Amino acid sequence: MNLTTPPAKPLTADVILIGAGIMSATLGVLLKELDPSLTIAIYERLDAVAAESSDAWNNAGTGHSAFCELNYTPELPDGSIEISKADKIAEQFELSKQFWASLVQEGSLPEPGAFIHSIPHMSFVWGAANVEYLRKRYQALLGSPLFRGMEFSEDPALIAQWVPLVMDGRNPSEPVAATRMAIGTDVNFGTLTRSLFDHLRQQPGVTFELNQEIEDFRRKPDGLWRVKIRDRATSKSRKARTRFVFIGAGGGSLTLLEKSGIPEAHGFGGFPVSGQWLKCVNPQVIAEHDAKVYGKAAVGSPPMSVPHLDTRQINGQRELLFGPYAGFSTKFLKKGSYADLFRSIELGNIRPLLYAGARNIPLTKYLIGQVLQTPEQRIAALREYCPEARPEDWQLEVAGQRVQVIKKDKKKGGVLEFGTEVVTASDGSIAALLGASPGASTAVSIMLDLVQRCFPEHAASPEWQAVFHRLVPSFGQPLASNPALTASVRAHSAEVLKLA
Ligand SMILES: Cc1cc2nc3c(=O)[nH]c(=O)nc-3n(C[C@H](O)[C@H](O)[C@H](O)COP(=O)(O)OP(=O)(O)OC[C@H]3O[C@@H](n4cnc5c(N)ncnc54)[C@H](O)[C@@H]3O)c2cc1C
């Protein structure tokens, strides 16, 4: 996709970003850094920025680095631990930190304490088999420079020093183990998104409109996109013309991608997963915990329902959350419609949907079971992590909505995926982000890839390469095999972002 050829007809903007979440914010800022002359129009259907998944209360705020998330280090049939995914995710988060650090240094992002904090990332398990797994995982990760500094303990007294809430009242005869990475982070993706948009809106050539819902697209014979926008306050519609569209509509992306009519969109479907948290309302209990503690997912549960007991920093306040309790809802957005799932079904994806649905009946049953949990059952799940939890200290909150990707598959008809998928047109003129995991933490890496896929000629130019390297000093170099580079970029990001 070429951004510089003069268009046959006047453009509303060179680039249209749909949705005011972390993904559009990251792409917009990156594109403006790469080419300050670009014009960008941003449309958001709600009356606020970052009000869906990117809001701090709608996600867990974990700076996903695979320090504590056990689903990124599966045990193979031969008993060994696979760490390549963990390396990849840890590396992607280092790219995010470098990008944010560069923006802080150039004054484009505010004081980093507004959006990122150090918090130890811990994995905690009980039972002999799980203890053995965690020990092997720890030994496997020690070989990677990205996990340097990880501590491991099977000593209940030491674990109690790290996380007293997790150990108080626990059966002393039960074997337990924990790992701890002091350099884990908690990120307020809502504040970060709002800060990125505040910066973007001040740039010349950028327009930003709330309450504007994108309803349809058409690619015109001249290669430009015509986008139909409805003002939700007046119900009036208008059209905008652009060279490049990014569908960063979170759970709404699938339906919009289908409307684009590009052949690459064929066969994608969505599987919505809702979420709930228990939020601690007792300041004394909140003050006693200082970590993000991830456990093992229950058998049959999806990876995103791994329970965790999380210290959070939200809007200057220390908080404590437990969850998420995943559930099933037919909505694709928290502020969406119960008809979303049904509206997304079309001829092109009905086969993958049916096949993936048939293969995932146990998962659907599990999610429905989670929705139907009683308050007592929720507290029982919490007590596995916090044995002395009292129901009166915890309050139920609704988390954000995820839409997992269903893809057509030659052999299986359709498969359910738990990662993210960037779908682009062959000419790079439109791109959509589907899925939600590992999510906001990897927004920078996702957008660096997207830019290189959609604008390959510009991306290869010395000018754009220089910007990539300025913003992300380790750009293009693997970290997992380079201890010196890992240590130096990590130290620099930690210094600028005021992290441990
Ligand atoms: C329960 C839960 C826990 C999570 N925990 C973590 C975590 O710990 N760490 C992590 O890194 N990630 C986490 N994530 C994932 C992370 O929140 C998402 O990956 C990320 O916020 C997605 O950002 P986005 O910009 O794509 O979408 P969103 O933030 O959802 O933004 C999309 C925007 O598009 C707007 N929109 C939708 N349709 C239209 C339309 N037609 N026209 C105009 N605007 C539209 C929406 O209103 C919304 O504002 C979690 C997610 C959930 C749900």
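**Notes on a predicted model: contacts, rings and ligand**

Biologist: Which residues does Ala389 touch, not counting those up to four places away in sequence?
Modeller: Ala389 touches Leu382, Arg383 and Trp394 once residues up to four places away are set aside. Keep in mind that this is a predicted model.

Biologist: Where is Ala389 found?
Modeller: Ala389 is in the loop between helix H12 (375–383) and strand S16 (394–398).

Biologist: Buried or exposed?
Modeller: Ala389 is buried, because its relative accessible area is 5%, and the cut-off for buried is under 20%.

Biologist: What separates the C-alpha atoms of Ala389 and Phe418?
Modeller: Those C-alpha atoms are separated by 31 Å, with the two residues 29 apart along the chain.

Biologist: Switching to the ligand. How many residues surround it, and which are the closest?
Modeller: There are 37 residues around the ligand, and the closest are Glu44, Ser54, Thr62, Ile214 and Ser441.

Biologist: What does a polar side-chain atom of Glu44 lie 2.6 Å from?
Modeller: An oxygen atom of the ligand. Ser441 also places a polar side-chain atom 2.6 Å from a ligand oxygen. Pro438 uses its backbone instead of a side chain: a backbone N or O atom lies 3.2 Å from an oxygen atom of the ligand.

Biologist: And how much of the ligand's accessible area does the protein cover?
Modeller: On its own the ligand has 1,000 Å² of accessible area, and the protein covers 97% of that.

Biologist: Which element gives the most to the shell around the ligand?
Modeller: Strand S9 does, with 3 residues. Helix H1 (22–34) is another contributor, as H1 and S9 each supply at least two residues.

Biologist: Backbone next. What is the phi of Ala66?
Modeller: Phi of Ala66 is near 65°, which is positive in a residue that is not glycine. Ala66 belongs to the loop between strand S2 (40–43) and helix H2 (84–105). With 0% relative accessibility, Ala66 counts as buried.

Biologist: What about Asn211, what is its phi?
Modeller: Asn211 has a phi of about 60°, again positive and again not a glycine. Asn211 is in the loop between strand S8 (206–209) and strand S9 (212–219). Its relative accessible area is 28%, so Asn211 is partly exposed.

Biologist: Which residues does the cis peptide bond join?
Modeller: Gly323 and Pro324 are joined by a cis peptide bond, with omega about -10°. Pro324 is found in strand S15 (residues 317–327).

Biologist: Now rings. How many aromatic pairs does a search of the whole structure find?
Modeller: The search returns 15. One of the pairs is Phe124 with Trp126, which is tilted: 6.0 Å centre to centre and 40° between the planes.

Biologist: Is Phe124 buried or exposed?
Modeller: Phe124 is buried, at 1% relative accessible area. Trp126 counts as partly exposed, at 21%, which is just outside the buried class because that class stops under 20%.

Biologist: And the pair of Phe197 and Phe208, what are the distance and angle?
Modeller: The centres are 5.2 Å apart with 65° between the planes, so the pair counts as edge-to-face, the cut-off being over 60 degrees. Phe197 lies in helix H6 (residues 189–201) and Phe208 in strand S8, so the pair ties together parts that are 11 residues apart in sequence. Phe197 and Phe208 are both buried.

Biologist: Which residues form one cluster?
Modeller: Phe124, Trp126, Phe322, Tyr325 and Tyr385 form one aromatic cluster.

Biologist: Which ring does the charged end of Lys279 sit over?
Modeller: The ring of Trp57, at 4.5 Å from its centre. Lys331 lies over the face of Tyr338, 4.8 Å from the ring centre.

Biologist: Last one, Glu75. Which loop does it lie in?
Modeller: Glu75 lies in the loop between S2 and H2, and Ala66 is found in that loop too. Glu75 is partly exposed, with 39% relative accessible area.

Biologist: Which residues is Glu75 in contact with, leaving aside neighbours within four places?
Modeller: Ser80, Ile81, Tyr133 and Lys136. With Lys136 there is a side-chain polar contact of 2.7 Å.

Biologist: How many residues apart in sequence are Glu75 and Leu134?
Modeller: They are 59 residues apart in sequence and 10.0 Å apart in space, C-alpha to C-alpha.

Technical notes
Residues numbered from 1 in each chain as written. Predicted model: local features only at pLDDT ≥ 70, side-chain atom pairs only at ≥ 80, totals over all residues. Heavy atoms only, no water. Helix = DSSP H or I, 4+ residues; strand = E, 2+ residues; numbered from the N terminus. Buried < 20%, exposed > 50% of the residue type's maximum accessible area, 1.4 Å probe, protein only. Contact = heavy atoms within 4.5 Å. Phe/Tyr/Trp six-rings, centres within 6.5 Å; stacked < 30°, edge-to-face > 60°. Lys NZ or Arg CZ within 6 Å of the ring centre and 35° of its normal. Near = heavy atom within 4 Å. Polar contact = N/O pair within 3.5 Å; in protein donor to acceptor, adjacent residues only side chain to side chain. Areas by Shrake-Rupley, 256 points an atom, 1.4 Å probe, with all protein chains shown as cover.
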